[in-house]
Amino acid sequence: GGWVLLQNCHLGLDFMEELLETLLTAEIQNDTFRVWITTEQHPKFPITLLQIAIKFTNEPPQGIRAGLKRTFSGISQDLLNVSNLPMWKPLLYTVAFLHSTVQERRKFGPLGWNIPYEFNSADFTASVQFIQNHLKKIDIKKGISWNTVRYMIGEVQYGGRVTDDYDKRLLNCFARVWFTENMFDSAFCFYTGYKIPVCKTLEQYFDYIQLLPAMDTPEVFGLHPNADITYQKNTSADVLDTITNIQPKESGGGSGETRESVVYRSAEDMLEKLPPDYVKARLVKMGALNSMNIFLRQEIDRMQKVITVVRTSLNDLKLAIEGTIVMSEASKNLRDALDNMYDARIPQVWRRVSWESSTLGFWFTELLDRNAQLSAWIFQGRPKVFWITGFFNPQGFLTAMKQEATRAHKDWALDKVAVHNDVLKQTREEITSPPSEGVYIYGLYLEGAGWDKRRSILVESTPKILFVQLPVLHMFA
């Protein structure tokens, strides 16, 4: 009637098959017997074992209220009473608030932290232990050494996990603003409505935490309200992706079009619009050794590869649907292309040689647009304004521009040349001639800021507008 606990089962997959066999064949006498297994996600984990099991996941709580509750449920009354200095309880609560904040920022993805760190309760316990020791040693007249506290929290306890410079700067900013003499002031608050409570018992803390809002605005964590839109959008996309992935893949006998005929039609449609192959002879005429033309040739080689892959797989897919060739297990790519095209996603073979995009429609439009820019460059001469996001290697484009400038000034050395940029006031349509030196580019967007065209400076984002297109930029060396 006891329990068996097997940990990290994703490391012993062979034994899982054996375990399943044992569970199904053994005669278990006692109803209270249980097998617990812990595992990480693994594509080869035996599915039958998962199907007969009750799944249990432990997610971090969502929101400041739930985070503080969880943190305080690990605190004892003895810890609250460990020091009779008036600074102790506010400091304890502030560390708990910081702990919830750093964890909660993770859900905002790269807007919260550039790298999602695994902050856990050990960081909290270590910080509390440090503050406890620090308070024991301080001279009452001199008070707390805030620099020490901030350094230990922002650089050592929580900061020890942080590897990105900007993330470190952010964490130190939290420590600098919250851990000061001001925190003992009755007017101090982390954000409107989030104060430091004055309590004597754990019950009083729980009563106060219960009064906090169930949903926090992103501003509590120092983010713009727009961050919430991004988070909600990503969450919905994940849910819908999961639903799409678990849809049955075989076409049923119901009425309406079959999967195959839908995909066949869209394959025909794409083949019609697909641009023709490039003619290399044109490039030789343009001057093969000019640095911009070398860059153009590399772009065309990559574009040609994409066009070839798309054309081949669409033709094969049509033949497979007609039944001319067999869609066997070997042609995993064809099966993948069929499933993805039906779901309006980009087949994996295409994505490998190309670029990221949210849907197949957007991806294909971008293919035509990128191709149009390269073709116009070959046949109608160099563009006045370049769509920089339409290149495979935009850094290479700027390097070619640098080389051009270096060759124009005989006494310049390439490694002494730096790239500069000016944001113009014009849009792409208003540009009538290329610049005397350098290049005009467009197609860049700002995320997390707005752009004031009149004064040409960054401003705070406008509510509900996530991306702002920048005007034309003049890049020169």
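Predicted model: local features only at pLDDT ≥ 70, side-chain atom pairs only at ≥ 80, totals over all residues.
Two strands count as paired when DSSP finds at least two bridges between them.

**Stop 1: the whole chain.** Start by colouring the domains: domain 1 covers 3-52, domain 2 covers 64-223, domain 3 covers 259-382 and domain 4 covers 384-476. Now place a centre on each of domain 1 and domain 2, using C-alpha atoms; the two centres are 40 Å apart.

Stop 2: Zoom in on Leu 5, which sits in strand β1 (residues 3-6). Is Leu 5 buried or exposed? Its relative accessible area is 51%, and the cut-off for exposed is over 50%, so Leu 5 is exposed.

**Stop 3: an open sheet.** Next, show β5, β7, β12 and β6 as a cartoon. These four strands make an open sheet in the order β5-β7-β12-β6, and their pairing is mixed. Which strands stand at the edges? They are β5 (385-387) and β6 (420-423); each has a single partner strand, so one side of each lacks a neighbour in the sheet. Turn the view to follow the twist, which averages 35 degrees from one strand to the next.

Stop 4: Keep β6 on screen with strand β12 (residues 473-476). They pair in the antiparallel sense, over four bridges. In general, strands of a sheet pair through backbone hydrogen bonds. To finish, pick Asn 421 and look across to β12, where its bridge partner is Met 475.

Conventions: Residues numbered from 1 in each chain as written. Heavy atoms only, no water. Domains from an automatic or database assignment. Helix = DSSP H or I, 4+ residues; strand = E, 2+ residues; numbered from the N terminus. Buried < 20%, exposed > 50% of the residue type's maximum accessible area, 1.4 Å probe, protein only. Axes fitted to C-alpha atoms, helices over the stretch in contact; angles between N-to-C directions.
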